[in-house]
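Try each task before you read its solution.

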Amino acid sequence: AEALRITKDIERTNAKENTTMMHRSLLTMRRLMFTPAEALRITRSLCNSSRWSYQRANSSKWGYAWGALIGVTGGLALIAHRSGSQPIENYTLVPRLNAEEKKEDQQKKDPGVSLRVNRFKEFASLSYKGELYMTAADFLESATRDKPREHYLQVIDEKMVAQMMKSTPSCSQGSNTLFRTLGNNAVISYADYVFLLTALTKTTRQFEIAFRVFDADSSGYISVSEFRKVEDAITRGTIGSHEGALPMTTLLTHLFGEKGNRQLYIKEFVRFIENLQREVREIDFFKYSDGLSHLNKENFARILLRHTAVDIYPVLKRLHSITSVASINFEQFEHFCRLLNALDDFAISMTIFTVAGKPITKDEFRRASQVCTGKPLDSSVVDIIFGIFDTNGDGYLSYHEFLKVMQNWKVRSMKVRESKEKSTWTQFKTCIKMEMSSQ
């Protein structure tokens with residue numbers, strides 16, 4: 001619409017005023033994000049249709065330049081006009097998501113849905129027929145980072161998608177490095193993204209319940225059609241539901257085979273999600289441990305508090321006074337993550353103490369964790385947790401603050417930080433204080 005309006009304005013102006021109009025048309029081209037090659041192709045294809053502009057400006061030495069630019073503007077107007085009614089396959093454009101006003105209103109009513117959609121858009125780096133998709137690397141980045149790295153949108157075609165599907169391994173093999181191995185050689189839809197994101201925060205018991213929900217005909221296995229029905233129900237009213245969407249993605253190919261005729265049983269389903277969780281936890285752990293086999297208590301606190309508004313400096317100061325533990329290994333870290341996935345059950349077990357008005361000790365905390373996960377937390381992990389959340393130093397856990405912070409961590413970057421980022425000067429002062437307290 002903008003390009004069409006500019007074209008009409010150019011028709012009504014003389015050559016002297018065309019400079020401003022051309023500048024506006026180039027800004028429009030910039031917003032549509034054409035590459036130079038695409039702009040040149042459009043210009044050449046429209047040269048014949050823009051002969052009137054050459055004739056009109058023929059007396060000027062800039063006539064051919066004006067004619068070319070007006071031709072590009074006309075092309076932009078044509079493309080912008082067509083993009084409102086039908087998909088464009090001949091030009092490589094940044095895709096417009098199929099978000100109608102009705103769907104946008106529905107997302108505004110549910111901030112959680114809108115937040116997931118926006119985060120998916122932010123990290124997605126692939127486009128296929130006007131629809132955004134993630135790579136495996138994009139998904140891991142969205143699960144472990146606050147913001148995406150700088151990247152460009154890559155437009156893919158059917159041939160590229162077919163090659164990706166052929167190189168996707170079967171889930172019968174099982175691997176906790178699947179997404180790291182696939183890297184950019186994968187296509188993940190928004191429906192897949194929501195499923196994977198949900199899978200990161202569930203327990204094995206919840207997996208089994210989810211499997212029975214997927215298994216609509218109670219056959220003991222899941223077909224690709226049953227899986228897609230649930231995905232469509234989850235993402236209805238958001239994105240990824242139009243006819244141009246891919247029939248098979250990397251996730252579906254991995255679970256159900258390249259042709260979608262493979263049957264998925266509960267053992268494979270649970271193993272896939274457990275491997276996914278372990279893969280993301282390994283990335284978190286080794287990122288903060290600098291690749292070492294042990295994570296020091298300060299960096300463990302940074303992992304837990306990174307998606308919250310909690311001031312890290314008082315926490316690090318309290319942890320510095322704890323001499324009984326210096327670090328934890330990956331198995332201890334993973335066990336604590338399993339407890340966080342069972343946080344709802346843990347909250348119920350802790351309610352007994354809070355209703356009675358009784359403070360929570362370390363032994364009671366370990367006993368409650370055993371009820372939820374089948375194994376008590378290691379004493380080293382409990383010492384660090386109490387160091388973080390025992391704000392007054394009385395040896396008891398600040399229970400409500402613990403649950404609030406852990407709920408934020410559980411959903412990772414899906415919640416918006418409440419506090420503004422600290423200035424460089426504030427960070428410098430915090431660093432100095434930490435160094436002085438460690439002497």
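**Exercise 1.** How many aromatic pairs does the structure hold?

*Solution.* This is a predicted model, and the structure holds 25 aromatic pairs. One of them joins Phe 195 and Phe 269, whose ring centres are 6.2 Å apart with 35° between the planes. An angle under 30 degrees would count as stacked and one over 60 as edge-to-face, so this pair is tilted.

**Exercise 2.** Work out which parts of the chain the rings of Phe 269 tie together.

*Solution.* Start with the pair from Exercise 1: Phe 195 sits in helix 11 (residues 190-199) and Phe 269 in helix 15 (residues 266-288), so parts 74 residues apart in sequence are tied together. Next, Phe 211 also pairs with Phe 269, again tilted, at 5.7 Å centre to centre and 55° between the planes. Phe 211 belongs to helix 12 (residues 204-214), so this pair with helix 15 links parts that are 58 residues apart in sequence.

**Exercise 3.** Is Phe 269 buried or exposed?

*Solution.* Buried means under 20% relative accessible area. Phe 269 has 1%, so Phe 269 is buried. Phe 211, at 4%, is buried, and Phe 195, at 9%, counts as buried too. These three belong to one aromatic cluster that also includes Phe 214, Phe 227 and Phe 256.

Key. Residues numbered from 1 in each chain as written. Predicted model: local features only at pLDDT ≥ 70, side-chain atom pairs only at ≥ 80, totals over all residues. Heavy atoms only, no water. Phe/Tyr/Trp six-rings, centres within 6.5 Å; stacked < 30°, edge-to-face > 60°. Helix = DSSP H or I, 4+ residues; strand = E, 2+ residues; numbered from the N terminus. Buried < 20%, exposed > 50% of the residue type's maximum accessible area, 1.4 Å probe, protein only.
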